[in-house]
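Subject: A structure for you to look at

Dear colleague,

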Amino acid sequence: AKDANTVFAGANGSGGPDTVRLYKTINGGNNWTVVESNFAEISTFTGIKFSNSDPSFGIGVSGAPDADFYIYKTRDGGNTWTKTQVTGFAGFNSSIGSLNVIDSLFYAHGTNGTSSSIIITTDGGVTWNLRELNLPVSGFSTTGIAFKEDKLTGIAGSVLPVIARTTNGGLNWVNIDVGNGIT
């Protein structure tokens, strides 16, 4: 959601690749329109997020079966989207709901891989890096990630009670046991 009235949603294409759609509402969900429908190469959207510092900039991330993932960028508040295939990460599709966007240069998402990790760019998608979180569990998705506006401090998690924290923009991560009193 960009605000209380403007929301974007991606359909997962359960009716086949030709049914993957990106929808938008500007009246709090009373009416929806198809913004984009040219997604035959993907199986689902796993996240759509807009920058807090620049609400006209947003990212959509999707998974492709047995392949790399796609990034969709908008610079006009979601009216138009451009697609880029991110190669070199087959087997590390984006984890649902794990997308974090700071601005047009810095965004990241968690992975559905064999280990807890994130895929991050700090130059607007020119280069991408896989960063292992080194959490004590393996085989789980990275279910959440958040960076502060300073782009240095971030947290990510998979299975509680241990989360990962970075203070250098995701280069290194340390484990923090948040305890088992979490509800």
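Ring pairs link F57, F69, F89, Y107 and W128 into a cluster, and since this is a predicted model, please read what follows as values computed from that prediction. The count of aromatic pairs in the model comes to nine. In one of them, the ring centres of F57 and Y107 are 6.0 Å apart and the planes stand at 40 degrees; because an angle over 60 would be edge-to-face and one under 30 stacked, this pair is called tilted. F57 sits in the loop between β4 and β5, while Y107 belongs to strand β10 (residues 107–112), so the pair ties together parts that are 50 residues apart in sequence. Both F57 and Y107 are buried.

Another pair of the model is F69 with W128, which is edge-to-face, with 5.7 Å from centre to centre and 90 degrees between the planes. This pair, too, links distant parts of the chain, for F69 is in strand β6 (residues 69–74) and W128 is in the loop between β11 (117–121) and β12 (129–132), 59 residues apart. F69 is buried, with a relative accessible area of 0%, and W128, at 14% relative accessibility, also counts as buried because the cut-off is under 20%.

The next residue to look for is S51, which lies in the loop between β4 (44–50) and β5 (58–63). Is S51 buried or exposed? With a relative accessible area of 3%, S51 is buried. The side chain of S51 makes a polar contact with the side chain of S53, at 3.1 Å, and a polar atom of the S51 side chain lies 2.7 Å from the backbone oxygen of I102. If the neighbours within four places in sequence are left aside, S51 is in contact with F57, V101, I102 and D103, and F57 is one of the residues in the ring cluster described above.

Turning to the sheets, you will find three strands that form an open sheet in the order β1-β2-β3, with antiparallel pairing. Its edge strands are β1 (7–10) and β3 (33–36), each of which pairs on one side only, and neighbouring strands of this sheet are turned by 35 degrees against each other on average, direction ignored. β1 pairs with strand β2 (residues 22–25) over four bridges in the antiparallel sense, and the bridge partner of A9 in β2 is Y23.

Four strands form another open sheet, in the order β13-β14-β15-β16, again with antiparallel pairing. β13 and β16 (174–177) stand at the edges with a single partner strand each, so one side of each is left without a neighbour in the sheet. The twist in this sheet averages 25 degrees from one strand to the next. β13 and β14 pair in the antiparallel sense over four bridges, and F147 stands opposite G154 in β14.

Lastly, please look at K151, which is found in the loop between β13 (144–147) and β14 (154–157). Most residues other than glycine have a negative phi. The phi of K151, however, is near 65 degrees, a positive value in a residue other than glycine. At 25% relative accessibility, K151 counts as partly exposed.

Definitions and conventions:
Residues numbered from 1 in each chain as written. Predicted model: local features only at pLDDT ≥ 70, side-chain atom pairs only at ≥ 80, totals over all residues. Heavy atoms only, no water. Helix = DSSP H or I, 4+ residues; strand = E, 2+ residues; numbered from the N terminus. Buried < 20%, exposed > 50% of the residue type's maximum accessible area, 1.4 Å probe, protein only. Pairing = 2+ DSSP bridges. Axes fitted to C-alpha atoms, helices over the stretch in contact; angles between N-to-C directions. Polar contact = N/O pair within 3.5 Å; in protein donor to acceptor, adjacent residues only side chain to side chain. Contact = heavy atoms within 4.5 Å. Phe/Tyr/Trp six-rings, centres within 6.5 Å; stacked < 30°, edge-to-face > 60°.
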